[in-house]
Structure formats: C-alpha cells, structure tokens
Amino acid sequence: DASPLTYRIKVKIRNTGNRQGVALVQLYTRQRVAPISQPEKQLRGFTRVPLNVGEEKDVLIKLATADLDFWFSDNEKAKASGWIDLMTGPDAGTLKTTRLQLPSSP
C-alpha cells in the first residue's frame with residue numbers, strides 16, 4: 001500500500017499586541033459536494049505557538065487525505081474528492097479560506 005498523501009498548510013501569524021503570548025491556530029475543512037451532507041466546519045487540527053511582542057512565524061499544520069474520509073453508512077467509509085475548503089484562524093468565527101482540489105474517487 002502506498003503511504004497516504006499529506007498536505008502541509010502554512011499559516012503566517014504575528015503578535016501585534018504589547019505582550020508576549022501564545023497563539024492558537026486552528027484548521028477546519030468543509031467538503032461542499034458529497035454524496036451525504038457534511039458539516040459546515042470540521043476541526044482537523046490545531047497548534048499553539050508562543051510569540052514574543054512583534055514576532056511573526058510561519059506555522060505548518062499537516063493534513064492527510066485519509067483524515068478527510070467520512071462515513072457513508074454504518075459500515076462503509078468514503079474517500080473525499082473534489083473541492084475542499086481549508087479554513088484557518090484563531091477560532092471558528094474568524095477564519096480565512098482557501099481551496100484544495102482532491103482527485104475524484106474511482
């Protein structure tokens with residue numbers, strides 16, 4: 001079996017405050033078209049990043065294609081395909097979105 005494809009999502013963050021702190025970066029996904037309804041947002045990963053005042057960092061969050069699979073029925077899993085929205089931000093209400101196109105399932 002081939003190893004699953006893994007995407008690396010890079011997010012640039014910056015501490016614009018006047019104190020050092022810890023930023024929380026969250027990754028959500030949404031599959032807009034699927035054979036069964038999918039949630040509006042699914043939390044797929046997160047990381048905490050310490051930042052000094054004025055510091056800027058690139059944060060990487062890994063996402064395997066297998067992490068996007070969903071249950072089609074009680075005993076059958078389906079592969080995600082088509083366009084997937086990748087949403088990143090400090091919380092579910094403050095997100096920036098980009099899209100990823102997955103290959104169609106056979």
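Buried means under 20% relative accessible area, exposed over 50%, and partly exposed in between, with a 1.4 Å probe and protein chains only.

**Set-up.** I am working on a predicted model, where local features need pLDDT of at least 70, side-chain atom pairs count only at pLDDT 80 or more, and totals for chains, interfaces and linings use all residues. Residues are numbered from 1 along each chain as its sequence is written, and side-chain values use heavy atoms, with hydrogens and water left out.

**Entry 1: Asp 69 and Lys 79.** I looked up Asp 69 and found it buried at 16% relative accessibility. Lys 79, at 54%, counts as exposed. Their side chains form a salt bridge with an N to O distance of 3.2 Å; I use that term for a side-chain nitrogen of Lys or Arg within 4 Å of a carboxyl oxygen of Asp or Glu. Lys 79 sits in the loop between β6 (76-78) and β7 (82-91), and Asp 69 in the loop between β4 and β5 (70-73), so the pair links distant parts of the chain, 10 residues apart. I take strands from DSSP runs (E, at least two residues), numbered from the N terminus.

**Entry 2: the salt-bridge search.** How many salt bridges does a search of the whole structure find? I noted 9. One of them joins Asp 58 to Lys 12 at 3.2 Å, N to O. Asp 58 lies in strand β4 (residues 56-64) and Lys 12 in strand β1, so this bridge ties together parts that are 46 residues apart in sequence. I list Asp 58 as partly exposed at 44% relative accessibility and Lys 12 as exposed at 53%.

**Entry 3: Arg 30 and Glu 40.** I found these two side chains in a salt bridge at 2.5 Å, N to O. Arg 30 belongs to strand β2 and Glu 40 to the loop between β2 and β3 (42-51), 10 residues apart. Is Arg 30 buried or exposed? Arg 30 is buried, with a relative accessible area of 14%, whereas Glu 40 is exposed at 53%.

**Entry 4: Asn 15.** I located Asn 15 in the loop between β1 (6-14) and β2 (21-31). Its relative accessible area is 12%, so I record Asn 15 as buried. A polar atom of its side chain lies 2.9 Å from the backbone oxygen of Arg 19. I then listed contacts (heavy atoms within 4.5 Å). Leaving aside neighbours within four places in sequence, Asn 15 touches Gln 20, Gly 21, Leu 51, Asn 52, Val 53, Gly 54 and Glu 55.

Definitions and conventions
Helix = DSSP H or I, 4+ residues; strand = E, 2+ residues; numbered from the N terminus. Polar contact = N/O pair within 3.5 Å; in protein donor to acceptor, adjacent residues only side chain to side chain.
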